[in-house]
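User: I am new to reading protein models and would like to learn how to look at one, feature by feature. Could you take me through this one slowly?

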Amino acid sequence: MDEKTALDELQFIRKIIEDSKKTVLDDGIGYIFWGIIIVVGLFTTNILIISKVYFNYLWIWLIVIGIGWTYSIISSRRKKERLPRTFGQKLIHSVWISIGIGMTLLGLVGPAVGAYKGFFISPILSVLLGSAFFISGFIYDLKWVKLLSIGWWIGAVVMFIYPGMHSFIIMGSLMIFFQIIPGIILYRKYKREAKVQS
Amino acid sequence: MNKFDYHQLDDIIHSRIRLAIIAVLITVDDAEFNFLKEKVNTTDGNLSVHIRKLEEAGYVLVKKEFIDRKPKTVYSLSNKGKKAFEIYVEQLSKLIKK
């Protein structure tokens with residue numbers, strides 16, 4: 001073996017390792033599930049406010065977020081069994097866990113202690129979701145996922161400038177168009193790729 | 001150009017497919033057959049043969065389990081396999097530095 005062959009061999013190893021490390025398999029169900037329960041939470045809160053049924057709406061969100069986290073913990077355990085734990089997979093998991101904890105704190109603790117008004121929860125979470133989708137798009141190596149962040153950030157600016165009841169509708173629409181539908185696209189992509197592999 | 005005695009290289013790893021299998025397994029805790037097949041880009045039969053060789057050498061561990069009530073075979077790199085891979089890469093690096 002000469003130097004050139006050795007170099008080729010090392011390059012081959014590096015290529016395989018890099019390709020494997022960045023592999024992320026995401027079925028998108030997490031996005032769909034969280035998106036749906038948040039939309040249901042927004043819709044319920046909106047209806048209750050319109051109907052003038054007053055009580056501490058944080059209870060609705062405690063239930064919604066409780067359901068979401070229960071789902072995420074169970075799903076994460078099952079994914080751990082089903083999917084190879086590549087670096088990319090661990091990275092995407094860490095991003096969403098950290099953003100999820102951040103959103104839970106900002107969505108529940110902040111307004112509960114009166115740090116800001118309830119109407120500002122949606123734009124704050126929208127900023128965080130924009131960042132999460134931007135990083136996720138980079139990890140998935142999918143430009144369109146990265147571009148979703150622009151929608152989230154524009155939505156956040158609008159909700160910051162015009163806070164009010166319509167924030168529920170804006171946030172709900174953002175959830176549908178920038179999380180649930182992308183989740184469905186990721187799910188279909190995952191199924192298509194799984195079919196090809198098997 | 002420096003000539004290197006290739007006999008010093010580990011025969012088990014010194015094969016493109018087996019090297020690729022190990023390089024993939026080094027990046028994950030464990031992996032299923034289909035994932036390896038996609039990453040290594042080879043056929044079922046070829047992959048099976050090479051995985052068996054690595055398993056016989058004690059470089060790869062095979063675990064059969066049931067996930068969602070379906071039988072799955074999961075492969076991981078043993079400590080012996082990791083060590084062998086490190087040595088192999090080190091030998092190649094030394095050759096380049098000569």
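**The cores**

Analyst: The largest nonpolar core has 29 residues, and among its members I38(A), F133(A), W152(A) and M175(A) touch the most others. A nonpolar core here is a set of buried Ala, Val, Leu, Ile, Met, Phe, Trp, Tyr and Cys residues joined through C-beta atoms within 7 Å. A residue is buried if 20 or more other C-beta atoms lie within 10 Å of its own, exposed if 12 or fewer, and partly exposed in between, with the C-beta atoms placed from the backbone. This is a predicted model, in which local features need pLDDT of at least 70 and side-chain atom pairs count only at pLDDT 80 or more, while totals for chains, interfaces and linings use all residues. Residues are numbered from 1 along each chain as its sequence is written, and chains are lettered from A and ligands numbered from 1 in the order in which they are written.

User: Which helices of chain A each supply at least two residues of this core?

Analyst: The general idea is that in soluble globular proteins nonpolar side chains tend to be buried together. In this core, at least two residues each come from α2 (29–50), α3 (58–82), α4 (87–112), α5 (121–140), α6 (143–161) and α7 (166–197) of chain A. With 7 residues, α7(A) gives the most to this core. Helices (H or I, at least four residues) and strands (E, at least two) are DSSP runs, numbered from the N terminus. A second, separate core has 28 residues, including I13(B), L25(B), Y59(B) and Y75(B).

User: With which residues is F133(A) in contact, leaving aside its neighbours within four places in sequence?

Analyst: Two residues are in contact if their C-beta atoms, placed from the backbone, lie within 7 Å. With those sequence neighbours left aside, F133(A) is in contact with V145(A), L148(A), S149(A) and W152(A).

**A pair of helices**

User: At what angle do the axes of α5(A) and α6(A) cross?

Analyst: Two packed helices are described by the angle between their axes and the distance between the axes. Axes are lines fitted to C-alpha atoms, for helices over the stretch in contact, and angles run from 0 to 180 degrees between N-to-C directions. The axes of α5(A) and α6(A) cross at roughly 170° and come within 7 Å. Angles under 35 degrees count as roughly parallel, over 145 as roughly antiparallel, 65 to 115 as roughly perpendicular and the rest as oblique, and α5(A) and α6(A) are therefore roughly antiparallel to each other. The contact of α5(A) with α6(A) has 14 nonpolar, 8 polar and 2 charged residues, where Ala, Val, Leu, Ile, Met, Phe, Trp, Tyr, Cys and Pro count as nonpolar, Asp, Glu, Lys and Arg as charged, and the others, Gly among them, as polar.

**Backbone angles in two loops**

User: What is the phi of D141(A), and where is the place of this residue?

Analyst: Most residues other than glycine have a negative phi. The phi of D141(A), however, is near 65°, a positive value, and D141(A) has its place in the loop between α5 and α6 of chain A. D141(A) is exposed because 12 other C-beta atoms lie within 10 Å. K52(A) also has a positive phi, near 60°, and is found in the loop between α2 and α3 of chain A. With 6 C-beta neighbours inside 10 Å, K52(A) counts as exposed.

**A residue of chain B**

User: Is L9(B) exposed or partly exposed, and why?

Analyst: L9(B) counts as partly exposed because it has 18 C-beta neighbours inside 10 Å. L9(B) is found in the segment before α1 (16–25) of chain B. Although L9(B) and Y88(B) are 79 residues apart along the chain, their C-alpha atoms are separated by 6.5 Å. Not counting residues up to four places away in sequence, L9(B) touches H14(B), Y88(B) and Q91(B).

**The chains and the confidence**

User: How many helices and strands are there in chain B?

Analyst: Chain B has 4 helices and 3 strands, and these follow the pattern α-β-α-α-β-β-α along the sequence. Chain A has 7 helices and 0 strands. Of the 198 residues of chain A, 28% count as buried, while buried residues make up 31% of the 98 residues in chain B.

User: What average pLDDT does chain A have?

Analyst: pLDDT is the predictor's confidence in each residue, from 0 to 100. Chain A averages 90, and chain B averages 87. Among the elements of chain A, α6(A) has the highest mean pLDDT (97), whereas helix α1 (residues 3–21) has the lowest (87).
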